[in-house]
Amino acid sequence: MLRGCYIGRFQPYHDGHHRMVEEIAEEVDELVLGIGSADQSHTTHDPFTAGERIMMITKAVADLDIITYAVPLEDLNRNAVWVSHVESMSPKFDIAYSNNPLVIRLFEEAGKEVRSSPMFRRDELEGSEVRERIRTDGDWRGLVPDAVEEVVDEIDGVGRLRQVSQSDSNGTGL
Ligand SMILES: Nc1ncnc2c1ncn2[C@@H]1O[C@H](COP(=O)(O)OP(=O)(O)OP(=O)(O)O)[C@@H](O)[C@H]1O
Ligand SMILES: NC(=O)c1ccc[n+]([C@@H]2O[C@H](COP(=O)(O)O)[C@@H](O)[C@H]2O)c1
């Protein structure tokens, strides 16, 4: 039994994340999806709550042939103990998956095996690009799994992003 852990903010979960999950599913039996910055929401950078991101991920991976656990991870201001914090919140895992240099370093220094992947269509499969397209009425729907599109619509994510980005830019950010 091999278990992996893939951590991201998933604001929102997009096709680049999904492609990475599909590849990880070839390598491990079970996968923890760590929802980073779980305490953040309702800002331009982090519009969606941990609960909403759990919905996106759970529905998007439902068709994949792998058992997944979505685990919310609040941020800590202390990088040196962050890996212990993750381990305290997650089912035990053997391999950490990330393309984030700080996350890779912290796991490696803690003695964990870390695997990275190539970036998939990074010119458009990037959270900030998806959020910008949601905010400006661009074509964001083609960059996320269908299940994520449905969740964003269900929670009026488009309206929220427009409103919080206005609040952020006029200095009254939530
Ligand atoms: N297109 C992609 N292909 C492969 N890995 C990706 C892709 N986009 C993000 N990742 C990786 O997924 C993990 C989680 O990323 P994250 O949730 O920060 O998404 P992001 O697209 O980088 O978002 P943001 O622009 O909001 O920072 C990180 O390790 C990141 O490098
Ligand atoms: N000290 C800390 O709280 C700490 C350290 C490293 C990563 N993280 C979190 O892990 C997540 C990493 O995800 P990304 O690769 O999507 O940036 C982010 O939510 C980030 O805030 C937190």
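Tutor: Helices (H or I, at least four residues) and strands (E, at least two) are DSSP runs numbered from the N terminus. The model is predicted, with local features requiring pLDDT of at least 70 and side-chain atom pairs pLDDT 80 or more, while totals for chains, interfaces and linings use all residues. Residues are numbered from 1 along each chain as its sequence is written, chains are lettered from A, and ligands are numbered from 1 in the order in which they are written.

The protein chain averages a pLDDT (per-residue confidence, 0 to 100) of 95, and 97% of the residues score at least 70. For the complex, the predictor gives an ipTM of 0.96 and a pTM of 0.95.

The loop between β1 and α1 contains both F10 and P12. F10 is not a glycine, yet has a positive phi of about 55 degrees. The peptide bond from Q11 to P12 is cis, with omega near 0 degrees. As background, most residues other than glycine have a negative phi, and most peptide bonds are trans.

Ligand 1 is surrounded by 18 residues (C-beta atom, placed from the backbone, within 6 Å), the closest being G8, G16, N99, L125 and G127. Helix α1 (15–24) and helix α5 each supply at least two residues of this shell, and α1 gives the most, with three. The shell around ligand 1 comprises five nonpolar, ten polar and three charged residues; Ala, Val, Leu, Ile, Met, Phe, Trp, Tyr, Cys and Pro count as nonpolar, Asp, Glu, Lys and Arg as charged, and the others, Gly among them, as polar.

Around ligand 2 there are 15 residues, of which G8, G36, S37, D75 and N100 come nearest. The elements that give two or more residues to this shell are β1 (3–8) and α4 (101–109). The largest share, three residues, comes from α4. Six nonpolar, six polar and three charged residues make up the shell around ligand 2.

Helix α5 (residues 127–135) also meets helix α7 (residues 157–169): their axes come within 8 Å and cross at roughly 95 degrees. The two helices are therefore roughly perpendicular to each other, a label that covers 65 to 115 degrees. R131, I134 and R135 of α5 meet G157, V158, L161, R162 and S165 of α7, contact requiring C-beta atoms, placed from the backbone, within 7 Å. By class, this contact of α5 with α7 has three nonpolar, two polar and three charged residues.

Conventions. Axes fitted to C-alpha atoms, helices over the stretch in contact; angles between N-to-C directions. Parallel < 35°, antiparallel > 145°, perpendicular 65-115°, else oblique. Contact = placed C-beta atoms within 7 Å. pLDDT = per-residue confidence, 0-100.
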